[in-house]
Amino acid sequence: MARGIQRILFAALKLLTLLLALVLMIVVIRTLTFPSYQTSPPECKTTDPDFIPADEERLARFTSAIQFQTVSYERGVGTPQELLKFVRFIQDGFPTIHNSPLVRREVVGNYSLLYRVEGSDGSLQPYVLASHLDVVPITQEADWEAPPFSGQIRDGYIYGRGTLDDKHNVLGSLEAVEFLLSRGHQPKRTLYLAFGHDEEIGGHFGAKVIGDVLTQRGEKIAFILDERTPVGDGLMPGVDKLVALVSVAEKGFLQLRLEVNEEGGHASMPRSESAIGILSRAISKLEDNPHPNLFGTGPEMRTLEYVATEMTLPYRMLTANLWLFSPLVAWVYARKPQTNAFARTTTAVTRFNAGVKDNVISPEAVAVIDHRIHPMSSVEEVMEHDLKVINDPRVKINVINSLEPAPTSPYGKDSPTYMVLQETIQQVYSDALVTPSFMIANTDTRHYWNLSSAIYRFNPCVMTPSDLPRLHGLNERISVRDYERVMNFYYHLIVNMDKPFEVKRHVHVEDL
C-alpha cells in the first residue's frame, strides 16, 4: 500500500512539474511575442511648412491670457468681470477666426464660448474640442517663484495659474484654428470648440448649457476631446519612455452624510455608548472593509498591456501575463494610495463634527464620506456595500451628491477616433507611447455623455511626478516647448480628422 501511495505521489509530482513547465513556457512565449499597440506616424518637425512656432506673438497672447484672473470659488461664485474681459481678449486676439464666414461664435451661459467651424463635407459627423476658461484660487501666493497671474517666462517655462489647467488648451486650440484658416484651408469635418467657464466648480452653468444647446440641435458628435491626463515622464514604473495617458473613462463619486443622534448630558455621567463612539465605529468598519479590488475589470489592465513591449524585462513578463499575475498586480496596486485609486472604489473620511464643550457629551455626531467609484462599479453597489459593512440602524446615511462613473469610450485599433488621437499624439511626441487610462477625478465631459460614445480626456504636455502637485498648487507652469507642442497637437488633430477612418481589427490579449 505504501508503494502505491508513493507511485501516486510521484505521478502527481511529475504532473505538477509538467504543468509548471507548461506555464513557464507560456509565460516566456507571451513575454517575447506580446503584440505592440503603438504606431509610427510621420513626425511633426520644426522644419515642416505647416509647423506652428511658439513665436513672440503667440507667446504674448498666451501669457496675456494667464493674466486674466478668471477664478471660480464655489458654485455660483466666480469672477464675472474677469471672464468678460477674457472673452473680449479672445475675440480681439484671433481676428481670422472671428472674421471667417466658416465660423459661428456663440456666448453660452453668459460667459462660455461655443465655436462652430463649418466643414466642407456635411455627411461627416462633427467633433468637439473642449477646454475651460476658469481656474482655481491661488494658495500660498508668497511662495510662488513668479506672480501667479503674471504669465512670466523664466528659464524656458511660462508661470501662472491656468498654464496647465486649462488655458493652454484654450489658446492652443484657438491658435491651431487661426493658423489653419489663415492658410486658406477649410476642414472637411465640422468641428466645435467648447470653452466652459465654471469647470472647476462642476460646469453647471457652462458646459452643461453647452451640452444642452448641442442636444437641442440634435447634434451627433463623432468624438469629444477634453483636458486632463498628461504625457507622463517617469509616471509609469518599468518604462523609460514618455507615456501619453488617454483617459477613456472617469470615476464616479458618492458623497454621504453619516449622522448619529443619542442622548447627551454631562460628562460626569456617561452612558455606555455615545454618538461619537457609535459613529467612530461605523467609520472604522468602512476603513477596515474597503470596496472590492476591481483590477483587471476596467481600463487599468490595458494601461499596462499597451506599453508592455517597451517595459524592462521583469515588468514586461508580469504585464504580458496578467492572465496569471493579475492577482499579484492587484495586491501591489492596493499597497499605495496612488495606485489603489485605480484598482477600486475608494473611501475617504473628509469631515467629522461633534461636540460643543469639553465636559458635555455630544448628542450628535456627523461625518462626511467621499467615495470615488471605479468605472466598473456603480452608486447602487457602493451604497449596498456601506450599508452591509456598517450594519447599524442608529447610523443614518443620506446622499449629499452622486455621479455614476462615466461610460467607457472605445479604444484600441478597432476604434477609429482613438487611433486618430493616438497617431496625432505620436506625431507631436514621436518618442512617446500611448495607452488608455481613466480619470480618478471629473471633467466637464460629464455634461456631454449623451452627445457621443467616444469621449477622451488628454493633456498634450509632459508632466513628471514633481509636476503633478503644480496642478491646483504652487508654481503651476508649462514649458515654452510644450506649449508649442500643444498648438501643433491641435492642428494635426484637426488635419487628421479629415482623413478617412480606417478600422484595424484586433483581439485583446485574453483572446490570444
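View 1. Tyrosine 159 has arginine 477, in β19, as its bridge partner. Strands here are DSSP runs of E with at least two residues, helices are runs of H or I with at least four, and both are numbered from the N terminus. This is a predicted model, in which local features need pLDDT of at least 70 and side-chain atom pairs count only at pLDDT 80 or more, while totals for chains, interfaces and linings use all residues. Residues are numbered from 1 along each chain as its sequence is written, and side-chain values use heavy atoms, with hydrogens and water left out. Three bridges join β5 and β19 in the antiparallel sense; two strands pair if DSSP finds at least two bridges between them. The open sheet runs β4-β5-β19, with antiparallel pairing. Because β4 and β19 stand at the edges with a single partner strand each, one side of each has no neighbour in the sheet.

**View 2. Helix α2 and what covers it.** In α2 (residues 56-66), the buried residues are Arg58, Leu59, Arg61, Phe62, Thr63, Ala65 and Ile66. Buried means under 20% relative accessible area, with a 1.4 Å probe and protein chains only. Their cover includes the strands β4 (153-154), β5 (157-159) and β19 (477-479), along with helices α3 (80-93), α5 (167-182) and α14.

**View 3. Glutamate 178 in helix α5.** Find glutamate 178 in α5; this residue counts as buried because its relative accessibility is 10%. Leaving aside neighbours within four places in sequence, glutamate 178 is in contact (heavy atoms within 4.5 Å) with Phe94, Pro95, Thr96 and Ile97.

**View 4. Aspartate 498 after α14.** Look for aspartate 498 in the segment after α14 (480-496). Aspartate 498 is buried but has no salt bridge, and arginine 189, the nearest side chain of opposite charge, is 5.7 Å away. A salt bridge would need a side-chain nitrogen of Lys or Arg within 4 Å of a carboxyl oxygen of Asp or Glu. Instead, the aspartate 498 side chain reaches the backbone nitrogen of lysine 188 at 3.0 Å, and a polar atom of that side chain lies 3.2 Å from the backbone nitrogen of arginine 189.

**View 5. Leucine 225 in the largest nonpolar core.** Ile90 and Leu225 touch the most other members of this core of 75 residues. Such a core is a set of buried Ala, Val, Leu, Ile, Met, Phe, Trp, Tyr and Cys residues joined through side-chain atoms within 4.5 Å. Helix α14 gives the most to the core, with nine residues.

How values were computed. Buried means under 20% relative accessible area, exposed over 50%, partly exposed in between (1.4 Å probe, protein chains only). Lys and Arg count as positive and Asp and Glu as negative; His and the chain ends are not counted. A polar contact is a pair of N or O atoms within 3.5 Å; within protein, one must be able to donate a hydrogen and the other to accept it, and residues adjacent in sequence count only if both atoms are side-chain atoms.
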